[in-house]
Amino acid sequence: MSQLTLFEEEDKARVTLAQILGGAILLAGLGFTWLRIQVGRQGQLTERFIRAVEQLASDSASVRIGAIYALARVAKESNRDRTAVIDLLAAFVREHAPRGSTPATVFVRPDVQAALTVLGQTIDRSDFDSRRQVDLSDTDLPGAKLRGANLFYVDLSGANLRGAQMEGARLRQARLWSACLDLANLSRADLSFAELEDASAEDADFSEATLRGVEMSRTNLKGADFSDAVMAGAALHETHLEGANLEGILGTPIPFADIYIDDRTKLPKSAGDWVMISWIKSPRESHSFENEKREIAAKRPNDDAEDTSVCDSSKR
């Protein structure tokens with residue numbers, strides 16, 4: 001190899017090395033820039049979070065609502081802050097809408113509704129899978145708008161949800177002990193394995209809802225509509241079904257006893273295969289099912305018993 005050729009090869013090597021070093025420096029610079037951007041972004045999110053928390057205490061309803069939606073944006077942009085936003089808004093609802101704070105004729109106030117809307121959009125399946133239970137217990141939420149809301153595993157025990165609009169809501173394994181759901185619209189909602197013991201859902205709409213494995217012992221379901229609802233494995237014991245419509249239900253509930261019905265109650269044609277009724281409010285002489293093999297025995301409970309409706313806030 002001539003000396004000229006050697007020099008040329010050395011020059012090429014130097015150029016290559018320079019390119020490698022330049023590329024490494026460029027990548028390091030880009031990495032540092034990206035890190036600075038991320039740190040700055042997190043700092044901005046933290047600042048926005050703190051400012052929104054401060055604004056939640058404002059005397060102005062419009063400022064509080066703005067703060068709630070600012071927190072919604074923080075939760076959307078930062079998964080790390082999502083849990084904190086959920087817990088904060090749940091605490092806001094409990095503080096500003098405790099049970100008994102709202103007159104029966106008044107709907108939920110706008111800032112509380114905004115918090116509920118954001119919660120219904122922010123809670124997701126990961127909260128259910130991790131068994132994180134959002135606490136909305138003993139709250140006053142009459143007429144709340146929760147259509148399609150994600151309320152997986154939420155604790156709504158003792159809550160007043162009278163007239164709530166919850167069509168298509170996801171309430172899988174939600175806790176609704178002693179909750180008031182009178183006149184609520186729960187059509188197409190998913191209440192699989194939810195707990196509604198001792199609750200009241202008089203005249204509520206459960207049509208086309210999924211009630212697989214739901215617990216409804218001692219629940220007031222007078223006048224409720226269960227048409228075309230999925231009730232496989234649903235448990236009813238000492239449940240009031242006077243005037244309820246169970247025609248067309250899908251799946252077989254757990255065999256139950258001591259439920260209350262009257263002449264207005266619409267039972268499915270297959271009820272004789274799984275119903276054993278020993279108490280009914282307004283007894284019929286007999287009730288023949290499709291196979292005419294069973295009769296419903298009648299015994300009148302004590303009508304003079306004290307009314308302990310969970311929908312009467314004064315009794316809570």
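**Salt bridges and an aromatic pair in a predicted model**

Asp 155 is buried, with a relative accessible area of 10%; buried means under 20% relative accessible area, exposed over 50%, and partly exposed in between (1.4 Å probe, protein chains only). This is a predicted model, in which local features need pLDDT of at least 70 and side-chain atom pairs count only at pLDDT 80 or more, while totals for chains, interfaces and linings use all residues. Residues are numbered from 1 along each chain as its sequence is written, and side-chain values use heavy atoms, with hydrogens and water left out.

**Salt bridges**

- The structure holds 11 salt bridges, each defined as a side-chain nitrogen of Lys or Arg within 4 Å of a carboxyl oxygen of Asp or Glu.
- Asp 155 forms a salt bridge with Arg 175 at 3.9 Å, N to O. This pair links distant parts of the chain, since Asp 155 and Arg 175 both lie in the segment after α5 and are 20 residues apart.
- Arg 175 is partly exposed, its relative accessible area being 22%, whereas Asp 155 is buried.
- Between Arg 51 and Glu 47 there is a salt bridge of 3.7 Å, N to O. The two residues stand four apart in helix α1 (residues 3-55), a separation of about one helical turn; helices are DSSP runs (H or I, at least four residues), numbered from the N terminus.
- Arg 51 is partly exposed, at a relative accessible area of 39%.
- The side chains of Asp 262 and Arg 264 meet at 2.7 Å, N to O, in another salt bridge. Asp 262 is buried at 6% relative accessible area, while Arg 264 counts as exposed at 54%.

**Aromatic pair**

- Rings of Phe, Tyr and Trp (its six-membered ring) pair if their centres lie within 6.5 Å; planes under 30 degrees apart count as stacked, over 60 as edge-to-face and the rest as tilted. This rule gives a count of one aromatic pair.
- The ring centres of Phe 206 and Phe 226 are 4.9 Å apart and the planes stand at 0°, so the pair is stacked.
- Phe 206 lies in the segment after α5 (125-129) and Phe 226 in the segment after α5, so the pair ties together parts that are 20 residues apart in sequence.
- Phe 206 and Phe 226 are both buried.
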